[in-house]
Amino acid sequence: MEMQSQKKSVNIGGLEIGKGSPIRIESMLKTPVTDIDGCRQELKTLKLEGCELVRVAFPEMSCLQSLKALLEVSEIPIMADIHFDAKLAKAALEAGCMAIRINPGNMPKGGLADVVRLAKEKKAVIRIGSNSGSLNNVQLEQAMGNKAKALFIAVQEQVKILEDMGFDDIILSSKSTSIAETINANLLISRHFPQYPVHIGMTEAGAIPEGLIKSAAGISLLLMQGIGDTLRISLSAPASEEVRAGYALLRSLGLRKRGVEVISCPACGRRRLDVSKLVEEIRPALKDLPDGTVVAIMGCEVNGPREAMDADIGVAGTPNGVVIFKKGEVVGHLGEEEMEKIGSLFKDML
């Protein structure tokens with residue numbers, strides 16, 4: 001793809017983002033940085049789920065020692081999230097953060113110059129961008145009220161500031177609560193700045209399930225156009241749910257294979273088993289299966305092996321239990337009293 005061939009790669013603590021790299025899954029700590037124990041536990045959970053980059057709010061200098069403590073223990077690269085204060089950005093870089101998220105337009109020029117010099121020295125990455133809550137009246141007037149264009153104008157201004165300072169280890173981002181605004185803003189960004197990696201997502205998407213639906217709709221449209229090098233599914237839910245959802249989205253689009261994909265029928269009056277119950281019962285055992293495995297749970301013979309023939313392994317309900325199938329071929333049966341064996345049986349079959 002031409003857009004990818006022009007793109008540069010940035011490195012955050014060994015994590016490559018951009019040209020030639022997988023689309024990265026990130027999240028943000030929901031625990032205040034001052035709660036060290038809580039943050040450590042959240043980081044541990046995120047690591048187990050496969051989170052590759054975590055953003056941490058760094059709101060004031062009194063949090064610096066806490067940030068340093070997290071940097072010492074985190075197995076995930078940390079990006080410090082900073083607003084307005086150049087001194088905080090400098091402190092985060094000096095503490096060892098290999099990435100910061102700032103808005104260059106709302107920092108004093110002198111302070112920003114110091115931040116950029118330090119980022120160059122540390123070989124750190126700066127993420128910049130806009131969201132629907134950060135637009136000012138001038139940007140909206142220039143865009144003649146078109147919020148997507150205003151979001152792009154805001155990014156354009158920030159890119160110019162950093163480029164004029166000779167800095168280009170940049171990740172761009174533009175988000176809105178509106179899918180249309182987010183899509184159109186990112187189309188403009190990718191067209192005008194094809195060289196820079198882009199972080200994508202829907203801001204303030206909401207809780208589950210609404211937030212999942214909005215995020216999947218917006219992010220998928222971008223990914224299918226080749227836009228997006230790192231993503232966060234922002235949810236009013238635990239950060240681990242954001243990471244799981246991110247991988248599930250990439251799996252469904254064929255862009256990454258981490259984890260197991262479960263396909264299951266919606267169930268109807270023909271069903272021979274409780275599909276939703278069985279899915280939840282065997283889910284813990286699925287973690288032991290190889291990444292990229294497709295598992296089918298089908299309620300009856302009609303929706304069984306043939307309809308799910310592309311699944312690596314699966315089960316379909318029968319009057320007396322289930323049939324076990326592999327790539328559409330029946331390879332065994334289990335009676336109703338043996339259903340608890342399904343998880344271990346799947347593992348043995350792969």
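Which strand is Ser173 found in? In this predicted model, Ser173 lies in strand S8, which spans residues 170-175. The protein has 350 residues, of which 53% count as buried, and it contains twelve helices and 15 strands.

**Overall build**

- Taken along the principal axes, the C-alpha atoms fill a box of roughly 75 × 45 × 35 Å.
- Among contacts with a separation of 6 or more, 64% come from residues 24 or more positions apart.

**Ser173 and its neighbours**

- Ser173 has a relative accessibility of 3%, and therefore counts as buried.
- Leaving aside residues up to four places away in sequence, Ser173 touches Arg127, Ile128, Gly129, Ser130, Val155 and His199.

**Helices H2 and H3**

- Two packed helices are described by the angle between their axes and the distance between the axes.
- Helix H2 covers residues 36-49 and helix H3 covers residues 64-73; their axes come within 10 Å and cross at roughly 30 degrees.
- Angles under 35 degrees count as roughly parallel, so H2 is roughly parallel to H3.
- The crossing of H2 past H3 is right-handed.
- On the H2 side the contact is made by Ile36, Cys39, Arg40 and Leu43, and on the H3 side by Ser66, Ala69, Leu70 and Val73.
- Sorted by class, this contact between H2 and H3 holds six nonpolar residues, one polar residue and one charged residue.

**What H3 packs against**

- Leu64, Ser66, Leu67, Ala69 and Leu70 are buried in H3.
- The buried residues of H3 pack against H2, and also against strand S4 (53-57), strand S5 (78-81) and helix H4 (86-95).
- Of these buried residues, Ser66, Ala69 and Leu70 are also among the H3 residues that meet H2.

**Helices H9 and H10**

- Helix H9 (residues 210-223) packs with helix H10 (residues 239-252) at an angle of about 45 degrees, and the axes are 11 Å apart.
- H9 is therefore oblique to H10.
- H9 passes H10 in a crossing that is right-handed.
- From H9, the residues in this contact are Leu212, Ala216, Ile219, Ser220 and Leu223; they meet Ala245, Leu249 and Leu250 of H10.
- By class, the H9 contact with H10 has seven nonpolar residues, one polar residue and no charged residues.

**Cysteines**

- A disulfide is a covalent bond between the sulfur atoms of two cysteines.
- With a cut-off of 2.5 Å between cysteine sulfur atoms, the disulfide count is zero.
- Cys39 counts as buried because its relative accessibility is 0%. Cys39 is also one of the H2 residues that meet H3.
- Cys265 is in no disulfide either; Cys300 has the nearest cysteine sulfur, 6.4 Å away.
- Is Cys265 buried or exposed? Cys265 has a relative accessible area of 8%, so Cys265 is buried.

Methods:
Residues numbered from 1 in each chain as written. Predicted model: local features only at pLDDT ≥ 70, side-chain atom pairs only at ≥ 80, totals over all residues. Heavy atoms only, no water. Axes fitted to C-alpha atoms, helices over the stretch in contact; angles between N-to-C directions. Helix = DSSP H or I, 4+ residues; strand = E, 2+ residues; numbered from the N terminus. Parallel < 35°, antiparallel > 145°, perpendicular 65-115°, else oblique. Left-handed = near helix turned anticlockwise from the far one by under 90°. Contact = heavy atoms within 4.5 Å. Nonpolar A, V, L, I, M, F, W, Y, C, P; charged D, E, K, R; others polar. Buried < 20%, exposed > 50% of the residue type's maximum accessible area, 1.4 Å probe, protein only.
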